[in-house]
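Reader: I would like to go through this model and ask, for each label, what value stands behind it.

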Amino acid sequence: MNRRDWLSLVAVHSDSWLLSVAFFFGAPLTANERKRLFSMINDLPNVYESMVDRKHRDRSGVDSSGKSRHSSKPKERNSELNCNLFCAAAN
């Protein structure tokens, strides 16, 4: 297995573990607090997205004018559906 694939697997596993820990400690929260926690988590890029974005920046992130071609805003995720599933499972 090459290094890049291994690092991708480590990043995905780390994301999964971090979400599991956050939801474990978020279980005693009220429904509104869980929704707020979930939206705060989704506002940030995960480890895998950060790793992939860094690879793109290293290769071709700067054009001839010296400005970055990539936006710093993370990709939009289907957070409302995931939040509803998480909040329903916690009740």
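Reader: Which exposed residues does the face of helix 2 turned away from its buried side carry?

Author: The model is a predicted one, and in it the face of helix 2 that is turned away from the buried side carries Asn32 and Arg36 as exposed residues. The buried residues of that helix are Arg34, Phe38 and Asn42. Seen down the axis of helix 2, these buried residues fall within an arc of 70 degrees, and therefore they line one face of the helix.

Reader: How many residues does helix 2 have, and what span is expected at 1.5 Å a residue?

Author: Helix 2 covers residues 31–42, which is twelve residues, and its first and last C-alpha atoms are 17 Å apart, close to the expected 16 Å. In the protein as a whole there are four helices and zero strands, and the order from the N terminus is α-α-α-α.

Reader: Why is phenylalanine 38 called buried?

Author: Its relative accessible area is 7%, and buried means under 20%, so phenylalanine 38 is counted as buried. Of the 91 residues of the protein, 14% count as buried. Phenylalanine 23, by contrast, has a relative accessible area of 21% and is therefore partly exposed, since that class lies between the cut-offs of 20% and 50%.

Reader: How many aromatic pairs does the structure hold, and why is the pair of phenylalanine 23 and phenylalanine 38 called stacked?

Author: There are two aromatic pairs. In the pair of phenylalanine 23 and phenylalanine 38 the ring centres are 5.6 Å apart and the planes stand at 15 degrees; planes under 30 degrees apart count as stacked, so this pair is stacked. Because phenylalanine 23 lies in helix 1 and phenylalanine 38 in helix 2, the pair ties together parts that are 15 residues apart in sequence.

Reader: What makes the pair of phenylalanine 24 and phenylalanine 25 edge-to-face?

Author: The ring centres of phenylalanine 24 and phenylalanine 25 are 5.2 Å apart and their planes are at 80 degrees; the cut-off for edge-to-face is over 60 degrees, so the pair is edge-to-face. Phenylalanine 24, at 60% relative accessibility, counts as exposed, and phenylalanine 25 also counts as exposed, at 61%, because exposed means over 50%.

Reader: Why does leucine 7 count as partly exposed?

Author: Leucine 7, which is in helix 1 (residues 3–26), has 31% relative accessibility and so counts as partly exposed. Together with Met1, Trp6, Leu9 and Val10, Leu7 forms a nonpolar patch on the surface, with about 530 Å² of accessible area together.

Conventions
Residues numbered from 1 in each chain as written. Predicted model: local features only at pLDDT ≥ 70, side-chain atom pairs only at ≥ 80, totals over all residues. Heavy atoms only, no water. Patch = residues over 30% accessible without salt bridge, like charges linked within 9 Å, V, L, I, M, F, W, Y side chains within 5 Å. Areas by Shrake-Rupley, 256 points an atom, 1.4 Å probe, with all protein chains shown as cover. Salt bridge = Lys/Arg side-chain N within 4 Å of Asp/Glu carboxyl O. Helix = DSSP H or I, 4+ residues; strand = E, 2+ residues; numbered from the N terminus. Buried < 20%, exposed > 50% of the residue type's maximum accessible area, 1.4 Å probe, protein only. Expected span 1.5 Å × (residues − 1). Arc of directions from axis to C-beta. Phe/Tyr/Trp six-rings, centres within 6.5 Å; stacked < 30°, edge-to-face > 60°.
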